[in-house]
Amino acid sequence: MQSTKRKPFPFHIVVFLFPAAAIYTLFMAYPLLDSLRLSFFDQNVSGAPVFVGFQNFQTLFGTPQWSGHFWNALQNNFVFFSIHMLVQNPVALLLATLLTAKRLRGRAIYRTLIFAPTTLSVVIVGFVWSLILNPSWGIFDNILTGLGLGSLIQPWLGVPGTSLVAVSLMSVWQWVGLPMVLFMAALVGISDDLIEAARVDGASAFTVFTRIKLPLILPTVGIVGVLTFVGNFNAFDLIYATQGALGAPNYGTDILGTFFYRTFYGFQLQPGNPTMGTTIAAVMFVIILGGVLLYLFGWQRRIARMQGLS
Amino acid sequence: MQKMITRRHVITLAAIAALMFMALSQAHVKAAANVTLVIESWRTGDEAVWDTIIANFNKVHPEITVKFQPTKPDQYNGALSAKLSSGTAGDLITCRPFTLSLNMFKAGQLADLTKLPGLENFSTFAKHAWSTLDDKSTFCVPMASVLHGFIYNKDYFDAHGFTEPKTYEEFLTLLEKIKAEGSMTPLALGVKDGWAETSMGLDNIGPNFWGGQDGNNGLLAGTRQYNDKGFLAAFDALSKWTPYLGKGFEAETYSDSQNLFTSGKAAIFPAGSWEISGFEQSASFKMGAFKAPPPASASKCYVSNEIDIALGLNAASKNADAAKTFLSYVAGQEFETAYSQGLPGFFPLGNYKITLSDPLANTFLGWTQECGSTLRSSYLLPSPPNGTTDVETDLWNNLALMLSGKQTAQQTADTIQKNMAGWFKPDASMSATAAATMAATPK
């Protein structure tokens with residue numbers, strides 16, 4: 001006899017989800033929504049919030065004192081992100097491919113060494129690199145002189161032309177281990193049969209990589225890309241540690257994170273402005289949300305369709 | 001099977017409960033008699049001085065425990081305002097000068113201390129940075145001022161027969177000689193952090209060019225501009241430093257400069273007097289100091305005497321009475337002596353006769369008798385509304401650009417003036433009060 005009874009509501013799922021959902025709501029979702037709410041307020045003289053609608057956003061985009069800093073920070077942020085996409089992720093992919101090669105001795109040692117900076121505190125990374133690049137006693141300039149490239153020496157972290165690139169590359173050095181590990185996990189998962197079959201058909205190692213491996217790890221490439229995007233547009237700590245809250249020199253390394261920090265908490269003689277700070281945070285949220293949506297609909301769906309077909 | 005509750009158990013439990021109750025009530029009595037005050041400060045290296053001061057204070061007031069709880073200097077302002085608005089700040093607040101503290105007073109975060117016993121020992125000049133613009137209400141007890149000048153490597157000067165410059169022209173000649181001699185960088189100054197070339201550069205040498213406090217008052221009243229004669233001359237004088245700065249000075253931080261000087265790689269350190277104790281500990285050579293040299297044409301010299309640090313009362317403090325007792329002590333001679341002796345380079349502000357045992361600190365203190373005292377102009381200006389960039393921060397960035405050769409003195413001064421004019425409304429009355437205050441200057 002067939003049972004007409006419906007399946008009981010899966011209460012155990014609710015029970016298991018509850019702790020995580022509660023903590024996430026309390027410490028992530030609620031503060032985020034509340035700071036979005038605050039961006040629609042201004043403070044009166046005594047510090048009490050007053051609802052002003054979109055006025056803060058008008059101020060941010062409409063007055064030169066604000067919009068100048070904002071567009072500069074956004075542009076720097078795009079440069080910061082581009083350097084990660086163009087250097088960090090390709091290098092990570094290359095390293096992952098090399099480290100998953102069949103005949104490689106000391107794989108674990110390389111992997112650990114390359115991953116190690118990721119586990120370091122950003123303050124240590126910033127300090128060590130500032131010392132290496134220090135114009136008075138840094139070893140980087142000695143290395144350049146030793147290679148006969150002494151004429152290229154710059155005060156790397158002190159001039160607008162090089163400081164942003166230098167800080168971005170520090171960050172790349174620190175974080176390259178993370179995408180590398182993700183790529184390695186994906187590469188290891190590729191069935192040996194496919195690669196052997198390609199080899200039998202006479203494909204070179206390069207062809208195997210471009211025609212077999214890369215297409216199969218495209219979902220991971222997408223995830224790494226979107227993680228880089230989110231991480232970079234939320235970045236703050238390394239710039240703050242090496243270049244200060246002003247993004248020296250002359251806002252040359254100022255990104256959205258430092259711009260937000262300065263505005264929200266104040267800096268030196270400039271008093272903090274929490275409502276404008278949250279306005280900047282809201283814009284950052286919109287930018288990141290836009291990027292993630294683009295990834296979801298532009299990349300992941302297409303990948304899913306492609307894989308569904310194959 | 002349940003255990004029987006015997007009479008012995010009951011007695012033991014009752015005894016434990018009674019003991020706990022006694023312990024608790026005792027703790028309660030103790031807390032009522034003993035008050036703990038917490039001092040918020042940005043002075044992270046000063047624990048030793050405060051230990052002495054608090055020990056002295058506790059000889060008179062053993063019932064008040066005082067805890068010194070500093071935050072990193074660059075995080076202090078932000079951390080403090082967050083703590084004040086969330087109600088977790090300490091009872092005693094170390095006050096930054098001028099606008100920041102004034103805003104905190106206006107917002108009701110700092111208590112009014114105008115009637116505090118002990119405050120009568122301070123001149124209006126000393127209290128000016130922590131009073132309302134009309135000088136009627138004071139909200140922090142002045143602790144110390146710092147002076148600007150140049151500290152130099154005396155061993156090196158003596159070895160090459162260099163002497164302290166008397167005029168700005170002599171100063172530039174001296175820099176040229178040191179550069180020609182070649183074994184040392186003439187000036188230990190980098191522009192990476194921004195404030196170094198502003199506080200120790202422009203605010204150090206500038207007052208001699210713009211006429212000290214008169215120039216500052218002119219800025220406040222709108223009769224003087226950053227790009228007019230005197231101020232422009234100061235920018236121009238500073239821009240002459242570029243050839244004498246260290247290799248890669250664009251990326252040289254303040255602590256790099258300190259290390260360059262104390263390790264004997266640079267001859268002159270454009271300094272604030274707060275460096276004295278640190279330098280005396282880490283430098284292995286003899287040091288001397290000369291004041292900012294005025295141009296040969298100037299008739300009067302000025303020294304940047306920055307009233308810098310004070311102590312106020314958190315308006316939300318639950319221990320206001322005990323805190324006021326401590327603040328009155330801070331206003332007294334015993335505190336002032338212990339503080340300026342413990343921290344050579346921080347000079348007392350009260351009307352007391354205090355002799356310093358540190359020779360370098362005494363050299364600095366002597367300048368206040370020869371020259372007029374003046375404050376940093378950008379600190380006197382109000383903060384821009386709405387949290388946009390203030391003049392001080394603008395100076396940091398633009399002076400760095402000027403010294404790196406990216407813009408001329410004229411362009412720099414024009415930029416500063418243009419940005420400031422965007423929000424600053426000159427106020428003649430403000431400057432009249434300030435002028436009256438300065439006329440009453442004892443130093």
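The legends below describe close-up views of a predicted model.

**View 1. Chain B as a whole.** The secondary structure of chain B consists of 20 helices and nine strands. Chain B has 443 residues, and 49% of them count as buried.

**View 2. A β-α-β unit in chain B.** Strand 1, helix 2 and strand 2 of chain B form a right-handed β-α-β unit. Helix 2 covers residues 47-60. Strand 1 takes in residues 35-41 and strand 2 residues 64-70, and the two pair in the parallel sense over seven bridges. Within this pairing, B:Ser41 is found opposite B:Pro70 of strand 2.

**View 3. The contact between chain A and chain B.** Here 28 residues of chain A are in contact with 32 residues of chain B. On the chain A side, at least two residues each come from helix 3 (64-99), helix 13 (256-265), strand 3 (266-267) and strand 4 (270-271). Sorted by class, this side of chain A has 14 nonpolar and 14 polar residues, with no charged residues.

**View 4. Helix 7 of chain A and its neighbours.** Helix 7 spans residues 160-175, which is 16 residues. From its first C-alpha to its last it reaches 23 Å, close to the 22 Å expected at 1.5 Å a residue. Its buried residues include A:Leu164, A:Val167, A:Met170 and A:Trp175. A:Ser163, A:Ser168, A:Ser171 and A:Gln174 are also among the buried residues of helix 7. The buried residues of this helix pack against helix 3, helix 5 (122-132), helix 8 (177-188) and helix 12 (237-243) of chain A.

Terms used:
Residues numbered from 1 in each chain as written. Chains lettered and ligands numbered in written order. Predicted model: local features only at pLDDT ≥ 70, side-chain atom pairs only at ≥ 80, totals over all residues. Pairing = 2+ DSSP bridges. Helix = DSSP H or I, 4+ residues; strand = E, 2+ residues; numbered from the N terminus. Right-handed = clockwise from strand over helix to strand, strands pointing away. Buried ≥ 20, exposed ≤ 12 C-beta atoms within 10 Å, placed from the backbone. Contact = placed C-beta atoms within 7 Å. Nonpolar A, V, L, I, M, F, W, Y, C, P; charged D, E, K, R; others polar. Expected span 1.5 Å × (residues − 1).
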